[in-house]
Amino acid sequence: MAEHDIPYLEERKLIKRWRGPLPMLANLALTLSIFAVTWWIFQDPRGVMRFYTPYVGYNYCRWWLIILIWMAYIFDFWPFKKDWVRHAHPVQKGVVLSLVSVGIMILIIHGFFEGVLGNTAFAYFNPAQLQKLPGITEFYAVEYAAQACMMFAVIASWISPAWIVALEGRPWENQKQPVKGLSIWIGTFCLSLVIYFMTMHNHMGILYYPWQYFTAITPPYWENFAHTVSANFHVAWIMCCTVVVWFMEGIWERYPFCLIKTPWLRRFAMFFGIIAISVSLCFFFWYMQELVWGDAIRGHRRDAAPDWRWLHVGETAIFFLVPALFLQFYGGNWPNKFSTQVNVLLRTLIVIAGGIAVYCLYYKYAHFLLGTQKGFSHPQQFPMIPMIWLINIWLINWWFMDGWPGWRRELRSAEEVRAGERAIEERDTWHPAMAPGLVVGIVVGVVVYFAIVAALPWFSAHFTLVQ
Amino acid sequence: MSLHTLLPRPLDPETGPESPAILTALLSGIHLDRRQARALGWRGVRPSALHGPAWTCRVAPLPHIFGLVFLDECTQEESLHGTFAAYVFPAAQDALLDSFPLRALEIALGPDYTDAVRELSAHAEVLAPFCLGQVDLAAARDGSWLSLALSAPARLRLVSRGGVPVPPGAAAQDAPQWLVPPGGLECDVPAFRLLVRLFAALAGTAARLLDAEPDVRLHHTAPAPPDEAAAHGEDRQLHLSASFGSAPRAAPAPGKRLASLPGRYVPRPDELSCLPVMHVLTGFLGSGKTTFLRRWLDFLNGRERYASVIQNEFGQVGLDAALTRSETRVEALDEGCVCCTLADALRPGLQRLLADAPAEQVILETTGLANPGNVLRSLDDLAEFVQPGLVITVVDSLEWHRGGYATQGVSGVRLSQVQQADVIIANKADTLAEKDFEDILRTLRACNAKACILPAVQGNIAFARLDAFLADWQDARTRPPSRQPRLPILAQARGALGTHADEGFASHTLPMQAPVDESALRRMLDAAGPGLCRAKGIVDLLHAGGVVPAVVQYAAGQLEFEAAPQDEDARYLVFIGIDLAPREVVATARGGAVAASPAA
Amino acid sequence: MNRREFVKGAALGVGMGAIGAMGVYSYSPMRRAFLKDVKRGTADIGVCKAVRITNISETSWFDNGVFMQDVTGAGGLLVDQYTFNWAPFGNGKGVGKGSYAEGIKQIKPLLPNKLEEAWAIAQEKSVHADNAGGFSCLVEIEDMDGNVTKYLFDTGWNYVWMDTCYKREGIDTMLANNEIKAMIQTHEHMDHFWGLPAVTRYNPNIHIYTPNSFYPEGKQYIKDCGHVGKVTEVPKGLHKIQDGVALYGFDCPIIFRVFGEISMYCNVKDVGLVSITGCCHQGIILFADTAYKELAYEKDQFYGLYGGLHISPFDDWDPKYDDLVIGLKKWDLQKVGCNHCTGLITAQKFVDAGYPVVKGSARFRSKTTNYLGNGDVIKFPS
């Protein structure tokens, strides 16, 4: 394999500039201050541009995420020259690449979805078209259009990284850029579009009586299963997919699917395994809410409404992505000293604890710090927005700025990369002696699950995490 | 305006939601003055809190039950925002129910519908098909403003794509195959038009209690983002808001400003009038009028609905007044009957009573012999003091059974009392076998088809039904049965003009200074002759070796005793009936008292 | 067995097992096993062993007719109680023309020690002073160790009457000896509150609980009665005061311009919940519903009830249910001691309907044996 075929993100090696926790703290301080400033400028309802309406801001932040993923993961920074990417100063790279990503984002949202699709295909992408319908005000028109557009990004931010992580970029992984990037991009875009039609289009269609009967399958097929006609049901499991893809790539080091040595089988197992794990998490987060807040009530509004409950499943998932990414990037995927399986388990526990902490902190202080609403289920309460906004900034810092200022980047040679791959290959093998442990572990896992389920109502009765 | 007039403490949403507290303050506050509450259209409220705060209520002029269930509250720096789900529950037989979702119809026709509605808090989930909209309550934390808003679709429509077929077996050959044809409307409820009544009563209540005019605004939007109630393609959403006080931070609600609250209940002139309502209580001798009255007064007093009583006894001594007085203002009109000899005496008595204590209701208890028709005629002259209320007749079921009125028919005063009544209390229901009692009820129904007939034991009924019965007639803008014009039957008219002496009724009062025992009393009652209808009074009763003051009640062959009021010193017995033999009674009394007294 | 490989397998298995269980069980119909069907309250206030209540006085006023005359004469039920010119705040200007400031001026120097003199002035300046009685009772809680804590529940109205009643039941000595831990002022109504000097005369240091919605006059009166102890304002909701005993603050507007009432819930070990009310202006329906919703209590049994019982501040929309007897039916009470504002006939109805009403002795001006009358005692459990 020629040297230039190794993606930049795999080719680089990030080394701490200083010993101890200093680099981590430095980057945390930098990213949080950028977060604070940009949040105030763009999102905060008390700030300058106030995109947090909430859907307009959500749309931007979600699309920005997916474009960052495209640029770094799929296109490997094409059309920027590898040489520039390797040698430009991290700050320069960060600014230039971020501005380009924002430009692309505006082009896609306002050019493609609103301009092209909104004027030629689907009225719901374009606020101006929506307002031609009787009885819809400008505010709601803008919100609905943003929501429709955002839902596409939700799907794409699962499918795009999953293609790389699970399907390992097949079948185009040996192509050069831009062929590889464009192929995967078009492939994932088409797949996302299909999934969009099957999961989100019905949701948008149902808004427009009576035209829905001519344009969408309504009431949608999931109605009786999810107890709602809202596509928030899909948002729930797809958000979990997004989160699980990152878990898989980061803190889980592709376990346990990397144990499968047949390439095609591994790829499919991982792609659908991610979905299976996500759906499991999705159901569990739903069940947690039932255990803590009681049954969801169809026809209810706010926090007992099934549609909000599903949305909150997605929100809960996002709260766990934040510590997971932090641990992967700035925590060096700690701990590393045990066997991979044990490392993975410990990391998972750390992420669970971190996620709960972020969850509590968010609902306790967000309305004060971020200018969002107080309470869980306010229609204007969207914890996904600040969480993804922060994740965007971390991705820029880690991918575009090579971890500056706390980290310094070095390049690995092709041999080093291959040697690393071989080591991982060797490490990740199934050993029959693991079988009894596996069986015992599964039993313990099931017991732990039921212990949590049994303890949750008691916990919620005796401790109030969030007022 | 300030919310402190409503809730005299700082709002503290940190200790729990405050919007249910504000709603409670509104609903309870207005009901402290019942008349005011009724003039705003309230026709009963029931709180339900088994799970979360919830209320069910009725608002005139609609017959349906409304429900409000507290959902959630969120707070901002300076304000709090609560949401309540708004329900409408039509009666199971109401035609409106046909426009509700089929699921709602199914629930309404089930056996537990009313019970579930009454405990709305616990059944909010099951009753979700009746949820038609949402009421929002927002308030400044410093109490400087309050805002109420109703959001509901103009029409809640659900289209059934596949249609709903008539269940197999239920359909006749030529009957339509579909309950709802494919693509037809499964439900089509005028949600906003129904809920606006509830909202207007709420907002009107706030306006009254806060003494502030609301800023009323109406706007509409496309349906909300799809959640359940909004789904399936309903009409546009209407948003009606009423804001009180100045709200600098909260932007004014969008929409067109309205001059007044739509859907507000327009009170009738009699509801605005401050005159007390006068009820007439009749019933033949010994039927249990005074017992019934005492229970009624206890009910009213317990609700701080003070009533005054005018009692008129056919007899020289006012026992009934003595029995009732400690609880209530009583004006006694003794000697003779108000319907003939004392028609003019009523006016000064009433004036005196109302000047003394302006009550909400005045109850005129007539003698057991009074013909209510005559009383009603004289009441027309009192329109400047009182509003007409109900004519309530207490019937002694036992006496009716013994007299064979169910089979042979009834006549005279007994008949006219029943015919003229709005409410008939079929008292002493426990003294008869079920079948016999049903005969009595059937006879009563035959005499008076429009009256409300309530079975009672010891004069106990659900007294709230009296108000509800009157209110239902008034809400329907018609007169209650006793006030409806009717052609006087000649014989009756003539009878009514006469005095009771013409019919042979007379009363005799016998002083009872010496103690007597029960058997002596029975002998005296026997001695009075077969024409005795009623005897009552206070005696010193020899009982279990001691002497206790006791009230004697005798009617329809039944002799009963009860404890005498403490401050009554007079001891006497009054006999009422036809062709009485007072001398024999006196003679028996002397002999009996002597014979029975162990001291002698 | 290879320990290292076993641990690897186990670590992998825990995750797979947990996630697998999440997927299979969390959204299956079986999950209902862990979901409660009824969202019951679970606030645990602990338990106590027994509750004993001594009725000191339940006769708020002696002649309802006279009282009603005052009410209607002053302008009705919405009139501020301090303006009625009721004793002891009379100013001599007649019914409905009084004020707290003018009334208290006359008697303040005499409080709390010269109550007889103060009441004599009040009799002269007020309307129908002799009609005033008062509501007050002594609640004794025996904890699980057998120690008894005493609480005074309301302080009545008429200074002289209340003083006589307190002496009759020995409350004066208990107060003076600091045997009574606290006084619970359920609400601001005159017949429950204005007799306060009869308490502060014996113990000005007593700890007083009031609703947090007293009007300024009420707060001032506590001070004017010479009270120097602690005052706790109970907010809406549950407020535990010792093991097995909690106060509950209800928000409700009440006639004569009063707001809020506190009631007491006692959880008696192996017996059930015993509830004590002053007047229950929030309505017995809300009172019982709230206990059901908020509290976890022994045997899930709503065992006993003592005090005045208002059914509801509203008319019911279904008139046939507007009846205390029906309203309480579903709670299956085991022991009821009712009096005060319950209504004589309602008490009779309870008896007729076979309710477990504890009869009284109708002494000291109590009107019926169906009331747990003045000087009578009720114990839970018996």
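This is a predicted model: local features need pLDDT of at least 70, side-chain atom pairs count only at pLDDT 80 or more; totals for chains, interfaces and linings use all residues.
Figure 1. Chain A is built with 18 helices and two strands. If you look at its contacts with a separation of 6 or more, 74% of them come from residues 24 or more positions apart.Figure 2. Helices H7 and H12 of chain A, side by side. What angle and what axis distance describe the packing of helix H7 (residues 138-165) and helix H12 (residues 232-249) of chain A? The angle is about 30°, and the axes are 9 Å apart. Angles under 35 degrees count as roughly parallel, so H7(A) is roughly parallel to H12(A). The crossing of H7(A) over H12(A) is left-handed. On the H7(A) side, the contact is made by A:Val154, A:Ile155, A:Ser157, A:Trp158, A:Pro161, A:Ala162 and A:Val165. H12(A) answers with A:Val235, A:Ile238, A:Met239, A:Cys241, A:Thr242, A:Val245, A:Met248 and A:Glu249. Sorted by class, this contact has 12 nonpolar, two polar and one charged residues.

Figure 2. Most peptide bonds are trans. To find A:Pro79, go to the loop between helix H3 (55-74) and helix H4 (82-87) of chain A.

**Figure 3. A:His227 and its positive phi.** Most residues other than glycine have a negative phi. A:His227 is not a glycine, yet its phi is positive, at about 60°. You'll find A:His227 in the loop between helix H11 (223-226) and H12 of chain A. Is this histidine, A:His227, buried or exposed? A residue is buried if 20 or more other C-beta atoms lie within 10 Å of its own. A:His227 has 20 of them within 10 Å, so it counts as buried.

**Figure 4. C:Cys280, a positive phi in chain C.** Over in chain C, the place to look is the loop between strand E11 (272-276) and H10, where C:Cys280 sits. C:Cys280 has a phi near 60°, a positive value in a residue other than glycine. C:Cys280 counts as buried because it has 28 C-beta neighbours inside 10 Å.

**Figure 5. Where chain C touches chain B.** How many residues of chain C are in contact with chain B? There are 43 of them, and they are in contact with 48 residues of chain B. Helix H2 (64-74), strand E9 (245-254), helix H10 (284-294) and helix H12 (344-352) of chain C each bring at least two residues to the side of chain C that touches chain B. That side of chain C splits into 20 nonpolar, 11 polar and 12 charged residues. As for confidence in the complex, the predictor gives an ipTM of 0.86 and a pTM of 0.64.

**Figure 6. Helix H12 of chain C and the glycine after it.** Which residues of H12(C) are buried? They are C:Leu344, C:Ile345, C:Thr346, C:Ala347, C:Lys349 and C:Phe350. Just after H12(C) comes C:Gly354, with a positive phi of about 80°. Chain C has an average pLDDT of 86, and 96% of its residues score at least 70.

**Figure 7. B:Gly29 and its contacts.** B:Gly29 is part of helix H1 (residues 19-31) of chain B. It counts as buried, since B:Gly29 has 25 C-beta neighbours inside 10 Å. Set aside the neighbours within four places in sequence, and B:Gly29 is in contact with B:Leu6, B:Leu209 and C:Pro253. B:Leu209 is 180 residues away from B:Gly29 along the chain, but their C-alpha atoms are separated by 7.4 Å.

**Figure 8. Stretches of chain B to read with care.** The mean pLDDT of chain B is 78, with 81% of its residues at 70 or more. Over residues 489-498 of chain B, pLDDT stays under 50, and the model has five contacts beyond four places in sequence for that stretch. Residues 593-600 of chain B also stay under 50, and for these the model has 10 contacts beyond four places in sequence.

Note on methods: Residues are numbered from 1 along each chain as its sequence is written. Chains are lettered from A and ligands numbered from 1 in the order in which they are written. pLDDT is the predictor's confidence in each residue, from 0 to 100. Two residues are in contact if their C-beta atoms, placed from the backbone, lie within 7 Å. Helices (H or I, at least four residues) and strands (E, at least two) are DSSP runs, numbered from the N terminus. Ala, Val, Leu, Ile, Met, Phe, Trp, Tyr, Cys and Pro count as nonpolar, Asp, Glu, Lys and Arg as charged, and the others, Gly among them, as polar. Axes are lines fitted to C-alpha atoms, for helices over the stretch in contact, and angles run from 0 to 180 degrees between N-to-C directions. Angles under 35 degrees count as roughly parallel, over 145 as roughly antiparallel, 65 to 115 as roughly perpendicular and the rest as oblique. A crossing is left-handed if the near helix is turned anticlockwise from the far one by less than a right angle, and right-handed if clockwise. A residue is buried if 20 or more other C-beta atoms lie within 10 Å of its own, exposed if 12 or fewer, and partly exposed in between; C-beta atoms are placed from the backbone.
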